[in-house]
Amino acid sequence: MRLAPTIIDAATLASWRAPASIGVMLLLFAWESVQPFLGLFSGGPHPWRVRLRHAATNLGIGVLNGLAIRFGFLTLWIATINWTAAHGVGLLNWLSVSPALRWVVVLLLLDAWTYAWHRLNHTVAFFWRFHRLHHSDRQMDVTTANRFHLGEITLSSLARVPVLALIGCRLDELALYEVLLFAVVQFHHANIGLPDWLDRVLRTVIVTPHMHKVHHSVVLAEQNANFSSLFSWWDRIAETFRLTPNLSQVVFGVDEVVAGEARHRAGAPPAGTRRDGHG
């Protein structure tokens with residue numbers, strides 16, 4: 001089979017995400033500086049110094065992970081994509097679909113995998129050892145979107161290889177998904193609040209700040225909910241969707257002692273019980 005032409009090369013793929021990510025991050029950083037939803041850095045002296053140190057830590061982790069992806073796993077992804085195109089391997093190489101439908105199917109399949117992988121990170125103890133770093137941030141803001149253990153990045157990047165092959169994904173399709181994904185991931189990590197009606201409308205399609213604040217709660221029953229990353233409907237389909245009426249009382253982190261205090265303060269039910277939200 002003739003090799004399908006590559007729409008963009010590796011350098012272009014890397015260049016798509018960086019400017020988009022930086023632009024979205026700066027916009028959200030400014031938003032949460034002017035109108036923060038939670039006073040995460042206001043409890044002690046020199047709050048701006050503490051906040052900038054926090055941001056530097058998370059962004060430093062993100063830069064290291066980005067370098068690992070750019071100079072390591074990206075080459076593997078491209079090789080997989082080119083191999084599947086050359087050999088006609090993958091769902092979208094087996095089916096005859098219109099170009100527009102192909103884009104929709106690719107985005108849905110990639111995001112369904114992202115949901116499944118995220119959920120595995122919470123249910124498999126070995127994976128949680130790495131994912132725990134992300135949840136350990138007790139001052140979750142837009143920079144937390146960059147806070148992932150290199151071990152998790154390695155495992156997720158390797159696990160993505162057979163997924164790309166099974167889908168028959170092209171490089172430009174992967175690039176678009178990456179740009180959309182990280183923009184929304186930064187959005188729902190940001191320390192911002194939306195009007196209830198707007199959050200309700202947006203979460204019919206994408207993950208919102210309300211949804212993800214619940215997921216980062218120290219309360220285990222809340223932490224084991226809202227695993228979606230881009231499109232929100234996976235949680236509704238899998239019955240892992242959850243909201244809380246006391247969002248301003250949420251406490252971030254993984255400390256079970258703090259979790260008990262948070263439950264007491266918010267009047268929440270004990271961990272392990274389910275309180276479903278509707279929205």
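His46 counts as partly exposed, with a relative accessibility of 47%. That histidine sits in the loop between helix H1 (10-34) and helix H2 (47-87), and its phi is positive, about 50°, although His46 is not a glycine. Keep in mind that this is a predicted model. The protein chain has 12 helices and 0 strands, and here is a quick tour of how they go together.

**The chain as a whole**

- Reading along the sequence, you get the pattern α-α-α-α-α-α-α-α-α-α-α-α.
- The protein chain has 279 residues, and 48% of them count as buried.
- Take the contacts with a separation of 6 or more: 73% of them join residues 24 or more positions apart.

**Loop residues worth a look**

- Glu239 also has a positive phi, near 60°, in a residue other than glycine.
- You'll find Glu239 in the loop between H11 and helix H12 (256-266), and at 62% relative accessibility it counts as exposed, because the cut-off for exposed is over 50%.
- Ser232 belongs to the loop between helix H10 (220-223) and helix H11 (233-237).
- Setting aside residues up to four places away in sequence, Ser232 touches Arg203, Thr204, Val205, Ile206, Val207 and Met211.
- His216 is in the loop between helix H9 (209-215) and H10, and it is buried too, with a relative accessible area of 0%.
- Beyond its neighbours within four places in sequence, His216 is in contact with several residues, among them the histidines His134, His135 and His189.
- Other contacts of His216 include Met140, Thr144, Val251, Phe252 and Gly253.

**Helix H4**

- Helix H4 covers residues 99-123, which is 25 residues.
- At 1.5 Å a residue, H4 should span 36 Å, and its end C-alpha atoms are 36 Å apart, so the two figures agree.
- The buried residues of H4 include Val106, Leu107 and Leu110.
- Also buried in H4 are Arg102, Asp111, Thr114, Tyr115, Trp117, His118, Asn121 and His122.
- An α-helix has 3.6 residues a turn, so residues three or four places apart point the same way.

**Nonpolar cores**

- The largest nonpolar core holds 37 residues, and the members that touch the most others are Trp77, Leu110, Leu164, Ile167, Cys169 and Leu174.
- The elements that give two or more residues to this core are H1, H2, H4, helix H6 (150-167) and helix H7 (171-189).
- H7 gives the most, with 8 residues.
- Ile167 is in contact with Gly90, Leu91, Leu92, Val106, Leu109 and Leu110, leaving aside its neighbours within four places in sequence.
- There is also a second, separate core of 6 residues, which includes Leu38, Leu40, Phe41 and Val250.

**Trp77 up close**

- Trp77 is part of helix H2, and it is buried, with a relative accessible area of 4%.
- Its contacts, apart from neighbours within four places in sequence, are Ile69, Ser157, Arg160, Val161, Leu164 and Leu174.
- Trp77 and Leu158 are 81 residues apart in sequence, but 8.8 Å apart in space, C-alpha to C-alpha.

**How helices pack**

- Two packed helices are described by the angle between their axes and the distance between the axes.
- The axes of H2 and H6 come within 9 Å and cross at roughly 10°.
- That makes H2 roughly parallel to H6, because angles under 35 degrees count that way.
- On the H2 side, the residues that meet H6 include Asn65, Ala68, Ile69, Phe73, Leu76 and Trp77.
- On the H6 side, the partners include Leu150, Ile153, Thr154, Ser157, Leu158 and Arg160.
- Helix H5 (residues 125-135) packs against H6 at an angle of about 125°, with the axes 7 Å apart.
- H5 and H6 are therefore oblique to each other.
- Phe126, Phe127, Phe130 and His131 of H5 make this contact with Gly151, Glu152 and Leu155 of H6.

How values were computed
Residues are numbered from 1 along each chain as its sequence is written. This is a predicted model: local features need pLDDT of at least 70, side-chain atom pairs count only at pLDDT 80 or more; totals for chains, interfaces and linings use all residues. Side-chain values use heavy atoms; hydrogens and water are left out. Helices (H or I, at least four residues) and strands (E, at least two) are DSSP runs, numbered from the N terminus. Contact means heavy atoms within 4.5 Å. The expected span of a helix is 1.5 Å times one less than its number of residues. Buried means under 20% relative accessible area, exposed over 50%, partly exposed in between (1.4 Å probe, protein chains only). A nonpolar core is a set of buried Ala, Val, Leu, Ile, Met, Phe, Trp, Tyr and Cys residues joined through side-chain atoms within 4.5 Å. Axes are lines fitted to C-alpha atoms, for helices over the stretch in contact, and angles run from 0 to 180 degrees between N-to-C directions. Angles under 35 degrees count as roughly parallel, over 145 as roughly antiparallel, 65 to 115 as roughly perpendicular and the rest as oblique.
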